[in-house]
Amino acid sequence: MATTARVRRQLLGREERQAQILDAAARAFAEGGYAATSMEDVAAEAGGTRLIVYRHFAYKEGLYRSVLERTSDALRSEF
C-alpha cells in the first residue's frame, strides 16, 4: 500500500500571508513575466492554493501592482 506524504501548511496571520504571496509573486513575475504568469503559478511558488491567493488579491493586475509598489517602496528606502 502506497503512502503519501502530507504537506503541513503553516498558519500565518493576514499580513504574513500577504507578504509570503507578494514574495512568491515577485519571483514568479520576474521569472515568467506578467503575461505568462498565472495566479496558479503564484500559488505554487508560495506553496499554497489559488484560493488563498485570490482571498488576498482578487485580480492578477492588483497583485502585480502590489508587487511593483512594494518593490518601489523598498528601493526608495535604500536611498
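Colleague: A helix here is a DSSP run of H or I, at least four residues long, numbered from the N terminus. What follows helix 2?

Modeller: Glycine 47 comes after helix 2, and its phi is positive, near 75 degrees. Keep in mind that this is a predicted model.

Colleague: Which residues of helix 2 are buried?

Modeller: Met39, Val42, Ala43 and Ala46. Down the helix axis they fall within an arc of 100 degrees, so they line one face of helix 2.

Colleague: And what do they pack against?

Modeller: Helix 1, helix 3 and helix 4.

Colleague: What makes up the largest nonpolar core?

Modeller: Twelve residues, among them Met39, Val42 and Ala43, along with Phe29, Leu63 and Val67. Helix 1 (14-36), helix 2 (39-46) and helix 4 (60-78) each give at least two residues to this core. The largest share, five residues, is from helix 1. In soluble globular proteins, nonpolar side chains tend to be buried together.

Colleague: Take phenylalanine 29. What does it touch?

Modeller: Leaving out residues up to four places away in sequence, phenylalanine 29 touches Tyr34, Thr37, Lys60, Leu63, Tyr64 and Val67. Of those, Leu63 and Val67 belong to the core as well.

Colleague: Different topic. Where is histidine 56, and is it buried or exposed?

Modeller: Histidine 56 is in helix 3, residues 50-56. Its relative accessible area is 16%, and the cut-off for buried is under 20%, so histidine 56 counts as buried.

Note on methods. Residues are numbered from 1 along each chain as its sequence is written. This is a predicted model: local features need pLDDT of at least 70, side-chain atom pairs count only at pLDDT 80 or more; totals for chains, interfaces and linings use all residues. Side-chain values use heavy atoms; hydrogens and water are left out. A nonpolar core is a set of buried Ala, Val, Leu, Ile, Met, Phe, Trp, Tyr and Cys residues joined through side-chain atoms within 4.5 Å. Buried means under 20% relative accessible area, exposed over 50%, partly exposed in between (1.4 Å probe, protein chains only). Contact means heavy atoms within 4.5 Å. The arc is that of the directions from the helix axis to the C-beta atoms.
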